[in-house]
Structure formats: structure tokens, C-alpha cells
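User: I would like to go through this model by way of a few questions. Please show the structure before we start.

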Amino acid sequence: MSIELVLAIETSCDDTSVAIVDKAGLVRSLVCATKDFDHEPYGGIVPEIASRNHSLFLLPLIIQALEKAQLKWDSIGGIAVTNRPGLMGSLIVGVVTAKTLAQSFQKPLIGVNHLEGHLLAPFLKDTDYSPPENFNYPYVGLAVSGGHTSLYRIDGLGDYKILGRTKDDSAGEAFDKFAKVIGLGFPGGVKLDQLARSGHKGKGPGDPSAFDFPRSMIREDSFDMSFSGLKSSGKRLVETLSDEIIQDRLSDLCASYQEAIVDVLIAKLERSRQVLGLDHYIITGGVSANSRLRERAHDWAADHQVKIVIPPLRYCTDNAAMIGYAGILHMNQGKFSDQSLKPSAQSFIEDFKLLTGSSK
Ligand code: KG4
Ligand code: ZN
């Protein structure tokens, strides 16, 4: 008998999120508590603050998720929880809570890889969004977030081959570090995107060719990427500019820096198209919320007559709905965890296959 509905918990980093999702990926409720301003004074995520916030917010969010979906515990068929990869202190809160609920309410349990959740996010559904129909395996997936930047070949549920990945910083980290250097606070990726798109001080959108930033490994015969050179080059450039010039050219700086990241990501998608010849692609993870990346990816797909799906913004960044969908699909294929489930800072070796030629 198949499981119809799961309650899912995501606490792998700083966002606390709970969702109820059905076996077709329909999101019945999704609630999140994101407290970026608690971390902002420190210029980055402080693991102790993140785990303390999870402990404070998780139980109220679980109650809210049930109320919002107008469901009681007896209609929940299982519990899915992110148990890898992530910050240990944060993962522990989610895993211990999920195990306790599974034990108390006698529900099946499954531990989910956070990245697999991101890879399934484009296929969630709700009243305002449905993914394209007939989007079949195999396809290429680009997962770009604050913690990861990897390109996968996806041949089925749980069958993920890493084609390439960043050798150093993630694209999200590159966005956030530059945003911090130009005074946009933390996490600044979304503010950088807005400034590039809308301009500031009454000026129009930023000029993506105003400043020349490096595009490391863009032409290399590999799917791997590197963003640390870009990050250092951004910092060095800003050190040579006066505060007045930075303020005056803010949207040009944002647009030019953003273009360098987007150029590399699109080039790697194009390389995968040329090498693998597939015609289905997804982009997912926090950075897939970037408006320029979305625009360029859709243009690229139209130029090459391939299908691309990028989730709506609410499913790009960390959320429990994607964890619920991954969890329920695996449970309905007979895969479960038990009370020995543990959090792990890293993915399990069996989660992803590394294709020859890609390295970390
Ligand atoms: O997937 P996510 O929520 O968390 C991780 O798993 O890491 O991704 C967060 C990352 C942050 O680096 C954030 O700045 C970036 O996604 N991000 C963006 C945008 N929205 C979120 N980067 C560029 N443009 C955006 N619009
Ligand atoms: Zn994530």
C-alpha cells in the first residue's frame, strides 16, 4: 500500500522548514522560519545560532504545517527529514525531532539527502505552479546553492552521476562574498540580483560589460568550475575604488560580477549538451532564484530547442517540500530509515556516482 502524504523537516543549514507533500509532489503546506538578520552582524552563518533557532522554531512550525493543510496526525503516512549533508548541530535538531515523532506516532521514517531534495524541487506542484509534463529521464541537473555547485546526469530516482563541480567556492558563496565587500550585507546574493536588475539612485539596470571579471575554467575541457579567482578579483577591484565610485557604480558592479558567474554556469550547461546530447535540463538551488541566470537559461534553451525547468522562487532556496517529495518517492519504492538514523555532515558515498574526470 502506498504512502499518500508525508510530513517533512528541513534544518540542514540556517532555514527551519516544515512541509506536507503528497506522493505526486503536490505541496499541501509549506512553512519556513528564516532568520538571516540573526547571522547578519557576523557576516556569515553562525552554526550555534542556526541550531538554537531550529530548536526554537521547529515544533511551532510542525503544528502550523498541519493546521495550514487542515490535517491531523492520523492522515500523515510518514516522516521525511534531511539528515545529510549540512551543519551537524542543525541536522541533529531535525533528525532527533523526526525520530521522536516517528516513534511516538508510529510512522515510517526516511532520511533524505538535501541535494537530492534540490534535484526534485523543480517537480513540486501547488495551486500556482506545475512542472512541464513528459519531462523524462535522462536529464542534466545543475544544482547551484550557497553550499554546492555541481552538474549531474540524472538517470532515475536515486541515480545521480556527478559530471563536474566547483573545485573551490560555490556560486552562492561568490555572490554573497562580493555582496558583502560592496556593502550589501549578508546573505547578499538576492540584493545583488535586484541592484543589477533595477539599478539604484534612479539609474537604470546595471551594465553587465562595465567591469571585466574573470570566468575561470569556462573554456576548459571539463564540467568542473571555479569561483575563488572571481571572488578575489572582485575584492581586489573594490579595494582600488573609492567609496564614492562604488556607490555611484553599484548596479554596474553587480551586473558585471553576476554576468561572470552566469556565463560560466551557462557554458557548463552548453558543454553538457554538446557532450551528452540530452534535451532535458533543470537548474535548482538558491542561486537558481537569480533573475539573470533564469533569463539566460531560458534563452539558451530556446536557442538550442531543449527543455529546461527551473523551480519557482519559493522552491529554489532551502525548503522542506523538496525533502518531502524525495522522501515519499523513496518510501513508495520500499526504502525506509529506522531509529538508528544519524545526521551526517557529508553525503553518503552511495548518494552520487562520480564520473571519471570530475574531481573536487
Ligand atoms: O539553496 P540555498 O537556500 O541554501 C543552500 O543549500 O546553500 O542557497 C542559498 C544561496 C545563498 O548563497 C544566496 O545568496 C543565494 O542562494 N541566492 C541568490 C539569489 N537568491 C538566493 N544568489 C543570486 N541571486 C539570487 N536572486
Ligand atoms: Zn540548499
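**Sheet and ligand site**

Analyst: In this predicted model, five strands make up an open sheet of mixed pairing, in the order β3-β2-β1-β4-β5. Its edge strands, β3 (27-33) and β5 (109-113), each pair on one side only. From one strand to the next the twist averages 20°.

User: Which residue of β4 is the bridge partner of Leu7?

Analyst: Strand β1 covers residues 5-10 and strand β4 residues 78-84, and the two pair in the parallel sense over four bridges. Leu7 has its bridge partner in β4, and that partner is Ile79.

User: At about what angle to β4 does helix α3 run?

Analyst: Helix α2 (residues 47-69) lies across β1, β2 (16-22) and β3, at about 30° to β2. Helix α3 (residues 88-105) lies across β1, β4 and β5, and its angle to β4 is about 155°.

User: How many residues around ligand 1 are polar by class?

Analyst: Ligand 1 is surrounded by 18 residues, with Gly146, Asp176, Asp193, Gly286 and Asp318 the closest. Helices α4 (114-120), α5 (171-181) and α6 (189-198) each supply at least two residues of this shell. By class, the shell has four nonpolar and three charged residues, and the polar ones number 11.

User: What share of the accessible area of ligand 1 does the protein cover?

Analyst: A polar backbone atom of Gly146 is 2.8 Å from an oxygen atom of ligand 1, and a backbone N or O atom of Asp318 is 3.0 Å from an oxygen atom of the ligand. A polar side-chain atom of Asn290 lies 3.0 Å from a nitrogen atom of ligand 1. On its own, ligand 1 has 550 Å² of accessible area, and the protein covers 89%.

Note on methods
Residues numbered from 1 in each chain as written. Chains lettered and ligands numbered in written order. Predicted model: local features only at pLDDT ≥ 70, side-chain atom pairs only at ≥ 80, totals over all residues. Heavy atoms only, no water. Near = heavy atom within 4 Å. Polar contact = N/O pair within 3.5 Å; in protein donor to acceptor, adjacent residues only side chain to side chain. Areas by Shrake-Rupley, 256 points an atom, 1.4 Å probe, with all protein chains shown as cover. Nonpolar A, V, L, I, M, F, W, Y, C, P; charged D, E, K, R; others polar. Pairing = 2+ DSSP bridges. Axes fitted to C-alpha atoms, helices over the stretch in contact; angles between N-to-C directions. Contact = heavy atoms within 4.5 Å.
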